[in-house]
Amino acid sequence: VEYKIGNIYVRLKSQFDLRTMPLYTPFIVDRISGIPNITIEIRQISIFSIKNMYKKLDKELDNDCTYTWIMKDNGYYMIFSKRFQKLLEAEWKDIWLLYCNDKFSECVLYIPYTEKDSNIIYEMSVRPWLQRLFVAFSCKLDFVLLHGALIDVNGTGIAFLGNSGVGKSTMCNIMKSEKSTVIADDRFILDLSGNLFCAGTPWN
């Protein structure tokens with residue numbers, strides 16, 4: 001499945017049918033010509049293989065950590081529990097491992113064969129990690145991912161920024177009319193590469 005979010009192209013490779021993720025559906029595009037900015041592959045392997053990968057990382061875990069980052073082999077590894085348990089208390093079937101290259105443009109999520117629930121995979125990996133990758137990418141490209149609501153009024157973007165619960169989405173809904181459209185109610189992209197350009201995201 002391939003998406004365009006702002007001016008960033010994303011390719012998601014998975015044996016699971018994640019095309020039905022409702023918040024991402026409006027961003028689906030036909031096949032990307034060229035190399036996408038971000039590629040995420042979901043790869044299922046045996047619990048034994050995950051154990052071996054963890055051992056090769058040679059990382060001693062703290063008693064209280066629910067996840068840990070490791071820099072190795074010109075990239076970054078993250079070990080975490082899908083149930084947000086302390087890693088030392090979690091069962092191996094609940095341990096997932098994520099690898100990103102040093103540019104955060106190519107990622108592989110390793111999960112056990114025992115995981116069959118595509119909703120959990122979406123909520124625990126695709127949805128949060130794609131957003132984190134956009135934040136990492138914003139350091140390299142001329143755009144920022146902002147926490148705010150965005151409305152289009154006759155072709156002019158009006159943004160409301162602020163902490164959660166202060167009324168950003170409420171203001172957008174109050175202003176919504178036949179001549180205006182809500183673009184995003186929680187996260188939007190501000191592109192600084194040329195003329196200022198705003199775009200919605202799936203993270204609402």
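## The largest cavity

A cavity is a set of points on a 1 Å grid over the protein atoms alone where a 1.4 Å probe fits but cannot get out. In this predicted model, local features need pLDDT of at least 70 and side-chain atom pairs count only at pLDDT 80 or more, while totals for chains, interfaces and linings use all residues. Residues are numbered from 1 along each chain as its sequence is written, and side-chain values use heavy atoms, with hydrogens and water left out. The structure holds one cavity of 30 Å³ or more.

## The lining

The lining consists of Ile40, Ile42, Leu98, Leu109, Ser125, Val126 and Trp129; lining residues have an atom within 4 Å of a point. Six of these residues are nonpolar, one is polar and none is charged. (Nonpolar covers Ala, Val, Leu, Ile, Met, Phe, Trp, Tyr, Cys and Pro; charged covers Asp, Glu, Lys and Arg; the others, Gly among them, are polar.)

Strand β3 (38-45) and helix α2 (118-138) each supply at least two lining residues, and α2 gives the largest share, three residues. Helices (H or I, at least four residues) and strands (E, at least two) are DSSP runs, numbered from the N terminus.

## Ser180

Ser180 belongs to strand β10 (residues 180-184). Ser180 is buried, at 6% relative accessible area, where buried means under 20% (1.4 Å probe, protein chains only).

Beyond its neighbours within four places in sequence, Ser180 is in contact (heavy atoms within 4.5 Å) with Ile151, Asp152, Val153 and Met175. The side chain of Ser180 reaches the backbone oxygen of Met175 at 3.1 Å.

How values were computed:
1 Å grid on protein atoms, 1.4 Å probe; cavity = no way out; pocket = protein on both sides within 12 Å on 5 of 7 lines; lining within 4 Å. Points joined across faces, edges and corners; volume = space filled by probe spheres on them. Buried < 20%, exposed > 50% of the residue type's maximum accessible area, 1.4 Å probe, protein only. Polar contact = N/O pair within 3.5 Å; in protein donor to acceptor, adjacent residues only side chain to side chain.
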